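Please keep the structure in view while reading.

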Amino acid sequence: MLNCDIKDKSLAPKGKLRIEWADNQMPVLKLIRERFAKEKPLAGKKMSCCLHVTTETANLMRTLKEGGADIVLCASNPLSTQDDVAASLVVDYGIPVFAIKGEDRDTYYKHLIAAIEHGPDMTQDDGCDLVGLLHQNYRDTYLKNVIGGTEETTTGVIRLKSMEKDGALQIPIIAVNESETKHFFDNRYGTGQSTLDGLLRATNILLCGKNFVVCGYGWCGKGLAMRAKGMGANVIVTEVDPVKAIEAVMDGFRVMKLDEAMPSADIVITVTGDLNVVDRRHIEAAKDGIIIANSGHFNDEINIAAMEELAKSKRTVRDFVDEYTLKDGRRVYLLAEGRLLNLAAAEGHPAIVMDMSFANQALGAEYIVKNAAKMEKKVYILPKEIDNEIAKIKLKSMGIEIDVLTEEQKRYLASWQSGT
Ligand code: NAI
């Protein structure tokens, strides 16, 4: 009997079919899995993984296990777990999972602790909750044995870099998010499409003609704005970075302060990784019926406490839709309790993009095993050759061939004398 805490083992058959469906869209990871099965690069390594428990993550877990790792998986968000996937991982693949969709804060942390008590040599994290807890509470115990870890998302990387800056980071970490084959595709096209998927599944609204505000024009914001425009919404972008703001203008979006956008906004979605981006004063200025949601990592981009204070009543009107009625009768709809909408109300990113993200995760784990002895307590990016290799395999799987530099072109591009 595996040690685990999941919702219901009888959900396993449905989860297995969905894991296999995703696997069909993950050719790069499949190739890595086949190689790992032969070479066993992670043999004897204990891994504690804290990731969204989705079909794509299941295929990553299968890959690590084939590579010889002894793994435990816990959720990186209380609302993103797919219970059927958790069940199948336990029942069909023999992988211990600690994750239940909708778990409360105490259970979420209990599950993180269960993953830590696995006694990892390596970690995989999405948002730095696992590595943060290891550093805060287990510095003299479990952390000592950890040789390194990987981090999946922008917010986690920001936290780890500030740990490094403060001298607090005790292990080397590979920032998977910083690979180009990760954030160019996962953050942009993955979050762009799946956030709309979450919005539509939760609300079933028509997007065309709506004033759709995207807060933050980073990788995720660009994808979301692009896709919302494609569905016919009138997209407005808000930013704090002047360069990104110009980029949004030249990409064809209206850019203004959120204060200015709020009175006419039908939908506002945050993707900033920042705090209280939608604050009390914005909620006070909202028009009746506004929909507010977040697809950034943490649920603190919207000031939900202020929303609670401003409301005279609150009720759940659909799955993942809470209606707050303000004292003057205006209604504000908050989706998925302000947690990442694409994973809470939909299934997260399509497998075809997670294929590249998780290829980076698997190769990141292998890289740590090979290089830990010479790595410092820093945040690293995977070498460019690995990024390029993932892109090459992906192109091949899509049946796309590209040109290669001729010797003459290589010489030309490497020289400073020619061309004058
Ligand atoms: P990024 O750093 O590329 O972009 C964030 C943007 O938000 C920056 O341009 C920044 O200037 C802007 N910003 C910061 N504070 C702001 C404010 N008060 N108002 C308006 N704009 C503001 O980050 P990226 O990669 O786009 O990630 C954003 C968030 O989404 C992070 O929390 C990340 O972890 C998360 N994420 C979520 C995913 C999902 O599946 N939902 C997938 C990938 C990332």
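**Terms and model**

A polar contact is a pair of N or O atoms within 3.5 Å. With that cut-off in mind, the ligand can be taken up at once: one of its oxygen atoms is 2.7 Å from an N or O atom in the side chain of Thr154. The model discussed here is a predicted one.

**Around the ligand**

The ligand is surrounded by 28 residues, and the closest of them are Thr153, Thr154, Thr155, Glu239 and Ser295. An N or O atom in the side chain of Thr153 is 2.6 Å from an oxygen atom of the ligand, and for the side chain of Asn342 the corresponding distance to a ligand oxygen atom is 2.8 Å. Taken alone, the ligand exposes 870 Å², and the protein buries 87% of that area.

**Two domains**

In the domain assignment, the protein chain is divided into domain 1, given as 9-182 + 350-397, and domain 2, given as 188-344. The C-alpha centres of domain 1 and domain 2 lie 29 Å apart.

**Where the domains meet**

Contact between the domains involves 16 residues of domain 1 and twelve residues of domain 2. How much area is buried between domain 1 and domain 2? The value is about 1100 Å², and carbon and sulfur atoms give 67% of it. On the side of domain 1 that touches domain 2, there are four nonpolar, eight polar and four charged residues.

Across the interface of domain 1 and domain 2, zero salt bridges are found by the rule, whereas two residue pairs are found in polar contact, both at pLDDT 80 or more.

Technical notes
Residues are numbered from 1 along each chain as its sequence is written. This is a predicted model: local features need pLDDT of at least 70, side-chain atom pairs count only at pLDDT 80 or more; totals for chains, interfaces and linings use all residues. Side-chain values use heavy atoms; hydrogens and water are left out. Domain bounds come from an automatic or database domain assignment. Contact means heavy atoms within 4.5 Å. Buried area is the accessible area (1.4 Å probe) that two parts lose on being put together, summed over both. A salt bridge is a side-chain nitrogen of Lys or Arg within 4 Å of a carboxyl oxygen of Asp or Glu. A polar contact is a pair of N or O atoms within 3.5 Å; within protein, one must be able to donate a hydrogen and the other to accept it, and residues adjacent in sequence count only if both atoms are side-chain atoms. Ala, Val, Leu, Ile, Met, Phe, Trp, Tyr, Cys and Pro count as nonpolar, Asp, Glu, Lys and Arg as charged, and the others, Gly among them, as polar. A residue is near a molecule or strand if one of its heavy atoms lies within 4 Å of it. Accessible areas come from the Shrake-Rupley method with a 1.4 Å probe; for residues, only the protein chains shown count as cover.
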